[in-house]
Amino acid sequence: MTAWIDGQAVERDAAVAAAAELLAGARSPLVAGLCADAAAVQAAFDLARTVGASVDPAAGAAVYADLGALASVGAMATTPAEARGRADLVLVVGQAPWTAGLVRDLAADDPVRGRASGRPRTLATLGGTGDGAVRHVAYPAGEAGIPAAIGLLRGLVAGRVAGPHPLADLAARLRDALYGVIVYDPAEIGALGAEMLTGLVKDLNETTRCFALALGDVHQGRTAIQVAAWSTGQGPRVGFGRGRPEHDPWRFDSGRQVAAGEVDAALWLAALPAPLPAWTRTVPSVALLGTPTGSEARVVIAVAVPGETAGAALWHPGRAAIAWHEAGAPAAAAAPDAAAILADLHDRLAAAPMRAPATPTELSASC
């Protein structure tokens, strides 16, 4: 089956009608997850605008660790292709990057372009055990953790911290590199770590060339950033409750909103695998899922899995851009694209009478 209402299998059209009815009756709806292809994420933003919903991607924590640093101090970043072609020093921060294929790709050869062409590439790690199959030099982060270690490294690089220190050798390597690249996972190092790392990169560019390279998350957070930017001119955590997109990473954090009693209906979009939030059991919810069981929410609708059962535009980690992914194994009777279901919902809701948005007083009374 491809659709369920309260755990009972139904025709897809009946489920879409029930989903539209649920969202039309909401005064403070939420559209969350956005773990899907670019067309579906765009359709989710269009739907949120129509119903006056707030929007929050599943990758919100990782997304805003990077966006916070970008907003406060800017960024000097590179791409995987440039890193592989030019970097003579790659610093891998934390453990998470070692589980991605990027580090192994960077270890496979030496720089072939730019000033560092022909030099051997050194891989170093800060706060990660690394991979014994890849040549690297390991430096401990210390008990204070990775953000503090990056801050200390920044002080050593700039000469604000003097004397012998376990990270002094790494600071010297970074200063001497012709093209350094620092690879990190924003979700692992957090907002403070990302801000320290961005500052370190900017300090190094006073005397040499160095760039940050953030790993993309598995929940299509980078796609959500791009779609939000061209749809609203802002980050993905936005609210349309007052008829215009308002950006506020704290206010429109879905976990905070649900805990505060500010949400009376929700739509969870996860055409690709993403952990189902606990609130789908307590908040009247619609779930559009690539691999549903039917019990995840009040209304569940199966959708095509982008890049597997249907071709789709998804974030491509190697290209650091949204790119087309062909269907890996198209099914004979594949479920519809999430974008098509969302467009159907949008059309039904655009024609339906909507309840007035909840006022701040009403929201406070519900907390």
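Rings of Phe, Tyr and Trp (its six-membered ring) pair if their centres lie within 6.5 Å; planes under 30 degrees apart are stacked, over 60 edge-to-face, and the rest tilted. By this rule the count is two aromatic pairs. The model is predicted: local features need pLDDT of at least 70, side-chain atom pairs count only at pLDDT 80 or more, and totals for chains, interfaces and linings use all residues. Residues are numbered from 1 along each chain as its sequence is written, and side-chain values use heavy atoms, without hydrogens and water.

Take Y179 and F211. Their pair is tilted, with 5.1 Å centre to centre and 35° between the planes. Y179 sits in the loop between α7 (168–176) and β8, F211 in strand β9, 32 residues apart. Helices (H or I, at least four residues) and strands (E, at least two) are DSSP runs, numbered from the N terminus. Y179 has 5% relative accessibility, so it counts as buried (under 20% relative accessible area; exposed is over 50%, partly exposed in between; 1.4 Å probe, protein chains only). F211 is buried too, at 12%.

The second pair is W268 with W279. Their ring centres are 6.0 Å apart and their planes at 80°, so the pair is edge-to-face. W268 is buried at 5%, and W279 is buried at 9%.

Now the sheet. Five strands form an open sheet in the order β7-β6-β5-β8-β9, with parallel pairing. Two strands pair if DSSP finds at least two bridges between them. The edge strands, β7 (137–139) and β9 (210–214), each pair on one side only. Five bridges join β8 (residues 180–184) to β9. V183 stands opposite L213 in β9.
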